[in-house]
Amino acid sequence: MDPLRVLIVPGSARTGSFNLKLAHAAGSLLRELGAEPVVSDLRALELPIYDGDLEAAEGVPDGARALLAQFAWAQAVLVVSPEYNAFPPPLLMNAIDWVSRLAEHKAAMNGKPTALLSASPGMLGGIRSLLALRQFLSLNLGMLVLPQQLGVSQANKAFTDDGRLADDKQQQALQGVLSALLKTTRALQG
Ligand SMILES: Cc1cc2nc3c(=O)[nH]c(=O)nc-3n(C[C@H](O)[C@H](O)[C@H](O)COP(=O)(O)O)c2cc1C
């Protein structure tokens, strides 16, 4: 059985980002579970804030086409995102807004199994933003967002030096979300 290709999309590219740490922790676990993860870098896409006049004048930026190609490559998607004011951050929303301007996004995103993770130094782990993210990714883009999700609270204390979640229960919860993502993806591949 070929390894399942999983695109991990972190909603933060900040140096020391807890969500980037969680994305890499998830990537290591996915590899242990036999998948092939790739971690995306939204900052490297250098996307301007979406602007209809800019699109009319210059078209959709190359960075959006690059991200679309990553979605098209993937058989499953894992979004790992911070919460800004109880909402997903603009880095993530803006990148996906741009991708949605390309007609090919439907083939690359519609029906694709997707799981959500968040991390925050706060006590709720960013889970309030996952409701909005779930709506954003599923209602219009048609992504198949799994019910399983995880918000890592007190993320400033959550990781070991080697990048794992320090709390065994949290590491198991992460494994549960990732296993559900792989199981659903395999089931859909037939
Ligand atoms: C504009 C802004 C709004 C924020 N709002 C929230 C919030 O609603 N809930 C929360 O748990 N943390 C909030 N935070 C704190 C972030 O969780 C924290 O900065 C976190 O480290 C960002 O994720 P990162 O480490 O992956 O970059 C906010 C941070 C910023 C910059």
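**Exercise 1. At what angle do helix α4 and helix α6 pack, and how far apart are their axes?**

Before we start: this is a predicted model, in which local features need pLDDT of at least 70, side-chain atom pairs count only at pLDDT 80 or more, and totals for chains, interfaces and linings use all residues. Residues are numbered from 1 along each chain as its sequence is written, and side-chain values use heavy atoms, with hydrogens and water left out.

*Solution.*
- Step 1: find α4 at residues 90–99 and α6 at residues 127–140. Helices here are DSSP runs (H or I, at least four residues), numbered from the N terminus.
- Step 2: the packing angle is about 5°, and the axes lie 12 Å apart. Axes are lines fitted to C-alpha atoms over the stretch in contact, with angles from 0 to 180 degrees between N-to-C directions.
- Step 3: α4 and α6 are therefore roughly parallel (angles under 35 degrees; 65 to 115 counts as roughly perpendicular, over 145 as roughly antiparallel and the rest as oblique).
- Step 4: Leu92, Met93, Ile96 and Asp97 of α4 touch Leu133, Phe136 and Leu137 of α6, contact meaning heavy atoms within 4.5 Å.
- Step 5: these residues divide into six nonpolar, no polar and one charged.

**Exercise 2. Describe how α3 and α4 cross.**

*Solution.*
- Step 1: the axis of α3 (residues 62–73) comes within 9 Å of that of α4, crossing at roughly 85°.
- Step 2: the two helices are therefore roughly perpendicular to each other.
- Step 3: Ala64, Leu67, Leu68 and Phe71 from α3 meet Ala95, Ile96, Trp98 and Val99 from α4. This contact has eight nonpolar, no polar and no charged residues.

**Exercise 3. Which residues are closest to the ligand?**

*Solution.*
- Step 1: of the 13 surrounding residues, the closest are Arg14, Ser17, Asn19, Glu83 and Ser120 (a heavy atom within 4 Å).
- Step 2: a ligand oxygen is 2.6 Å from a side-chain N or O atom of serine 17.

Methods. Nonpolar A, V, L, I, M, F, W, Y, C, P; charged D, E, K, R; others polar. Polar contact = N/O pair within 3.5 Å; in protein donor to acceptor, adjacent residues only side chain to side chain.
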